[in-house]
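Hi,

Here is the structure I promised to pass on. My notes on what turned up in it follow below; please have a look at both.

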Amino acid sequence: MEDLITKFIDKNLTKSEAVDLKKWLDEDEEHVRFFKNYVNHHDLSRVEVDLSKYKVWKKLNINQEASLKIIDPVRRKRNYIAIAYKIAAILILAIGIGFTVNSLVDSQPQQSAISAPEIITKQALRGQKLTLKLPDGTLVKLNAGSSVTYSEDFQGSSRDVSLKGEAFFDVVRDKSRPFNIDFDGLEVEVLGTSFNINTNRSSEAIVSVLSGKVAVTDLSSGSKTVLEKNQRVRVNKENRSMNEELIGQDDMDFDWTDNYLSFDNLGMNVALKTVTNWFDVDIKIESGVTSDSFFRAKFKNPTLEEVMESLAFAYGFQYKIENKKVEIMK
């Protein structure tokens, strides 16, 4: 039963566990007293008792000495008021268990918890980058045209995130709750590390590790690989093969986080998609314009004209820029 009380304190009770705890409390008054004393020996900060202890004490109108004799007779020499504040908060918690457990048990539908946490989606629009902090303190930097979805409170045994596009993560370490990211039928699991995920390429997804260690799993086949610092894996989106590589000094996996526009051996269509997201422009490709070339370069805070001039030379096309539209021609 101590495990259930601990889960209650940590707000991790499942519905069935809440039912068991309620039955146990209803069986005997001695169980309720045990619950109070058990909570008394926990660090109250763990249950986030944010009430003003003095106001709680006044509202309850509890007799200090009587309460002290029942709850903590060995420590009578303590400052009574300080102990009284703590007991008041404990009693509020103990009294509140009936409401909390009953809410869990009586919630509709019968198989669900009190209420589902809000699901939040943050998106970096085209032409933008967005840096945000998740509920656990993890920092995420979204590249242009990318989005991330997560629960508002990260309650439970894991921290789960969904990604579209490209993002750099600096994950807060928590051994008890792994950090999971799903994208393109893959999952990355980490405890605490920094890494980049790029799903923008049509043929492959790339996970690149800057520090720490991550596990990359293909959810369809169960294939798994573990990456450490300065390693990456390329996952073929068609045949699901995984190719591990070392990240060299000249590689560009993290350059975008320092405002470099990078083209790392990109084909024409992927390169133009990168331009679309970076500059927030619409690109129209005239029928018949193709290229077998691959372009590798990086620019620091470039203009649209500078980038298009380089791409036109590399892929052999003509172009015209008008306002927020780019037309690609033979």
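Let me begin with a sheet: seven strands form an open, antiparallel sheet in the order β2-β3-β6-β9-β10-β13-β14. Strands here are DSSP runs (E, at least two residues), helices are runs of H or I with at least four, and both are numbered from the N terminus; two strands pair if DSSP finds at least two bridges between them. At the edges stand β2 (130-133) and β14, each of which pairs on one side only. On average, neighbouring strands of this sheet are turned by 15° against each other, direction ignored; the axes are lines fitted to C-alpha atoms, for helices over the stretch in contact, and angles between N-to-C directions run from 0 to 180 degrees.

Before I go further, a word on conventions. This is a predicted model, where local features need pLDDT of at least 70 and side-chain atom pairs count only at pLDDT 80 or more, while totals for chains, interfaces and linings use all residues. Residues are numbered from 1 along each chain as its sequence is written, and side-chain values use heavy atoms, with hydrogens and water left out.

Within that sheet, β6 (residues 166-170) and β9 pair antiparallel over five bridges, and F169 stands opposite F195 in β9. Both residues also turn up in an aromatic cluster formed by Y150, F154, F169, F179 and F195.

There is another open sheet of seven strands, with mixed pairing, in the order β1-β4-β5-β7-β8-β11-β12. Its edge strands, β1 (119-123) and β12 (224-228), have a single partner each, so one side of each is left without a neighbour in the sheet. The twist averages 20° from one strand to the next. Here β7 (residues 179-183) and β8 (residues 186-190) run antiparallel and are joined by five bridges, with I181 opposite V188 in β8.

On to the aromatic pairs, of which the whole structure holds nine. Rings of Phe, Tyr and Trp (its six-membered ring) pair if their centres lie within 6.5 Å; planes under 30 degrees apart are stacked, over 60 edge-to-face, and the rest tilted. F263 and F299 have ring centres 6.1 Å apart and planes at 85°, so this pair is edge-to-face. It links distant parts of the chain, with F263 in β15 and F299 in β17 (residues 295-300), 36 residues apart. F263 is buried at 0% relative accessible area, and F299 is buried at 15% (buried is under 20%, exposed over 50%, partly exposed in between, with a 1.4 Å probe and protein chains only).

Of its 25 lining residues, N143, E166, N198, S262 and T274 lie nearest the centre. The largest share, six residues, comes from β15.

Most residues other than glycine have a negative phi. N259, in the loop between β14 (242-246) and β15, has a positive phi of about 70° and is partly exposed at 34%. N265, in strand β15, has a phi near 55° and is partly exposed at 41%.

Best wishes

Definitions and conventions
1 Å grid on protein atoms, 1.4 Å probe; cavity = no way out; pocket = protein on both sides within 12 Å on 5 of 7 lines; lining within 4 Å.
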